[in-house]
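This report goes through the strands, their pairing and a few individual residues of the structure shown here. Please keep the sequence at hand while reading.

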Amino acid sequence: QVQLVESGGGLMQAGGSLRLSCAASGTIFSINGMGWYRQAPGKQRELVAVITSGGRTNYADSVKGRFTISRDNAKNTVYLQMDSLKPEDTAVYYCNADLQVRLYTAYVRYWGQGTQVTVSS
């Protein structure tokens, strides 16, 4: 079955760096857009960064200049490099991807299970 699995979260001091990874597994014929979202307790899920199949990116204003999204299509993986972390970045981070899991069918959006990122001051 098709899954997205995040990894790389953890505890980090302010100013530090983490790299999140999200790998899609299973029978996948094509991947369109991929992205990262985050959700802090009591807050709505918010966009962090997205990347298209062609490599175009878009970032939330709060992370511009600090986070970098990238993808490795050969590995069906999307990454989020997080530098200069702030306590405000603390949240559960979720990856998503629009996947074609059968030929000649529409893309379906899949979500990972989430990985906790905690930034201490």
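Is Q39 buried, partly exposed or exposed? With a relative accessible area of 29%, Q39 is partly exposed, where buried means under 20% relative accessible area, exposed over 50% and partly exposed in between (1.4 Å probe, protein chains only).

The model is a predicted one, in which local features need pLDDT of at least 70, side-chain atom pairs count only at pLDDT 80 or more, and totals for chains, interfaces and linings use all residues. Residues are numbered from 1 along each chain as its sequence is written, and side-chain values use heavy atoms, with hydrogens and water left out.

Q39 lies in strand β4 (residues 30–39); helices (H or I, at least four residues) and strands (E, at least two) are DSSP runs, numbered from the N terminus. Apart from neighbours within four places in sequence, Q39 is in contact (heavy atoms within 4.5 Å) with Q44, R45, A91, V92 and Y94. Of these, A91 is 52 residues from Q39 in sequence, yet the two C-alpha atoms are 5.3 Å apart in space. A polar atom of the Q39 side chain lies 3.1 Å from the backbone oxygen of K43. A polar contact is a pair of N or O atoms within 3.5 Å; within protein, one must be able to donate a hydrogen and the other to accept it, and residues adjacent in sequence count only if both atoms are side-chain atoms.

R45, one of the contacts of Q39, has its charged end over the ring of Y94, 5.5 Å from the ring centre. The charged end of R45 also sits over the ring of W111, at 4.3 Å from the centre. The rule here is that NZ of Lys or CZ of Arg is within 6 Å of the ring centre and within 35 degrees of the ring normal.

**The four-stranded sheet**

Strands of a sheet pair through backbone hydrogen bonds, either parallel or antiparallel. In this model, four strands make an open sheet in the order β1-β3-β8-β7, with antiparallel pairing; two strands pair if DSSP finds at least two bridges between them. The edges are β1 (3–7) and β7 (67–72), each of which pairs on one side only. From one strand to the next the twist averages 15 degrees, with axes taken as lines fitted to C-alpha atoms (for helices over the stretch in contact) and angles running from 0 to 180 degrees between N-to-C directions.

| Strands | Bridges | A bridge pair |
|---|---|---|
| β1 and β3 | five | V5 and A23 |
| β7 and β8 | six | I69 and L80 |

Strand β8 (residues 77–82) is largely enclosed by the rest of the structure, because five of its six residues are buried.

**Strand β11 and its partners**

Strand β11 (residues 115–120) has a covered face of T115, V117 and V119 and an uncovered face of Q116, T118 and S120. In a regular strand the side chains alternate between the two faces of the sheet. β11 pairs in the parallel sense with strand β2 (residues 10–13) over four bridges, with V119 as the partner of M12.

R66 sits in the loop between β6 (57–59) and β7 and counts as buried at 10% relative accessibility. Beyond four places in sequence, R66 is in contact with Q81, M82, D83, S84, L85, K86 and D89. D98, in strand β9 (residues 91–100), is buried at 15% relative accessibility. D98 touches S30, I31, N32, G33, Y107, V108 and R109, not counting residues up to four places away in sequence.

**Positive phi values**

Most residues other than glycine have a negative phi, and most peptide bonds are trans. N76 is not a glycine but has a positive phi of about 50 degrees. N76 belongs to the hairpin of β7 and β8, which has four residues between the strands, and is partly exposed at 21% relative accessibility. Y104, also not a glycine, has a positive phi of about 65 degrees. Y104 is in the loop between β9 and β10 (108–111) and is exposed, with a relative accessible area of 78%.
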